[in-house]
Amino acid sequence: MKRIIIIIFLILISCKSGIKTESDIDKSVYQMWNDFTESNPEFKTGEQPDSDYFHNNETDANRLAELIVNGKKQASSNLYYFYEKANVDLPKIGAKSIVTDFDGKARAIIEIKKVDTIPFNKISKDYAELDMGTDIEPLKKWRKAHWDFFTSAMEENGETQQKTCL
């Protein structure tokens, strides 16, 4: 099976299982979107974007939200496998998302600027720096963090991760 890593510059979109209902969404998400559309009236007619946190645990979700708010994290990675498995399209350029902390409190509104597919073993140091939010050994940290996360997710689905996966 062909696997592709999805590179999303200036945004992090993650595939979460489950659909949020209106009662699951924190009031701060509505307030942030309302404040945004008040300042940017051209978006008032559009739907409120999805909101979610990144990663699968509180510590990392809150850390990543903080890196985004501080402008240090400006890219994200995902496996094409997740999109195939969920039978959903890749994120669209221009799409917005509301980043929350682990508890669902709104932290930032982000927009997809670029979507690219790059094999796992071809990720550059520059890209890793944008994704990891650090210039201290970013590629080493990117490979370790993403290898562990992708491998765990793949194993949950009875699949095997490969360093040459796309």
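Student: Where do Trp33 and Phe36 lie?

Tutor: Both sit in helix α1, residues 27–39, and they are 3 residues apart, about one turn of the helix. Keep in mind that this is a predicted model.

Student: OK. Is Trp33 buried or exposed?

Tutor: Trp33 has 8% relative accessibility, so it counts as buried; the cut-off for that is under 20%.

Student: How many aromatic pairs does the structure hold?

Tutor: There are 9 aromatic pairs in the structure. Take Trp33 and Phe36: their ring centres are 5.1 Å apart and their planes make an angle of 25°, so this pair is stacked. Phe36 also pairs with Phe43, with ring centres 5.3 Å apart and planes at 40°, so that pair is tilted.

Student: Which residues form the aromatic cluster?

Tutor: Tyr81, Phe82, Phe120, Trp142, Trp147, Phe149 and Phe150 form one cluster. Two of those names come back in the largest nonpolar core: Phe82 and Trp142, along with Leu79 and Ile123, touch the most other members there.

Student: How many residues are in that largest nonpolar core, and which elements give two or more?

Tutor: The core has 15 residues. The elements giving two or more are β3 (75–79), α3 (80–86), α4 (125–132) and α5 (138–156). The largest share, 5 residues, comes from α5.

Student: What about a second core?

Tutor: There is a separate one with 8 residues, including Leu64, Ala65, Val99 and Ile110. As background, nonpolar side chains in soluble globular proteins tend to be buried together.

Student: Back to α4 and α5. What angle do they pack at?

Tutor: About 65°, with the axes 8 Å apart. The two helices are therefore roughly perpendicular to each other, a class that runs from 65 to 115 degrees. The crossing of α4 past α5 is left-handed.

Student: Which residues make the contact?

Tutor: On the α4 side, Lys125, Tyr127, Ala128, Glu129, Asp131 and Met132. On the α5 side, Pro138, Leu139, Lys141, Trp142, Ala145 and His146.

Student: What is phi of Asn87 near?

Tutor: Near 55°, again a positive value in a residue other than glycine. Asn87 is in the loop between α3 and β4 (96–100).

Student: Is Asn87 buried or exposed?

Tutor: Exposed, since its relative accessible area is 71% and the cut-off is over 50%.

Definitions and conventions: Residues numbered from 1 in each chain as written. Predicted model: local features only at pLDDT ≥ 70, side-chain atom pairs only at ≥ 80, totals over all residues. Heavy atoms only, no water. Core = buried A, V, L, I, M, F, W, Y, C linked by side-chain atoms within 4.5 Å. Buried < 20%, exposed > 50% of the residue type's maximum accessible area, 1.4 Å probe, protein only. Helix = DSSP H or I, 4+ residues; strand = E, 2+ residues; numbered from the N terminus. Phe/Tyr/Trp six-rings, centres within 6.5 Å; stacked < 30°, edge-to-face > 60°. Axes fitted to C-alpha atoms, helices over the stretch in contact; angles between N-to-C directions. Parallel < 35°, antiparallel > 145°, perpendicular 65-115°, else oblique. Left-handed = near helix turned anticlockwise from the far one by under 90°. Contact = heavy atoms within 4.5 Å.
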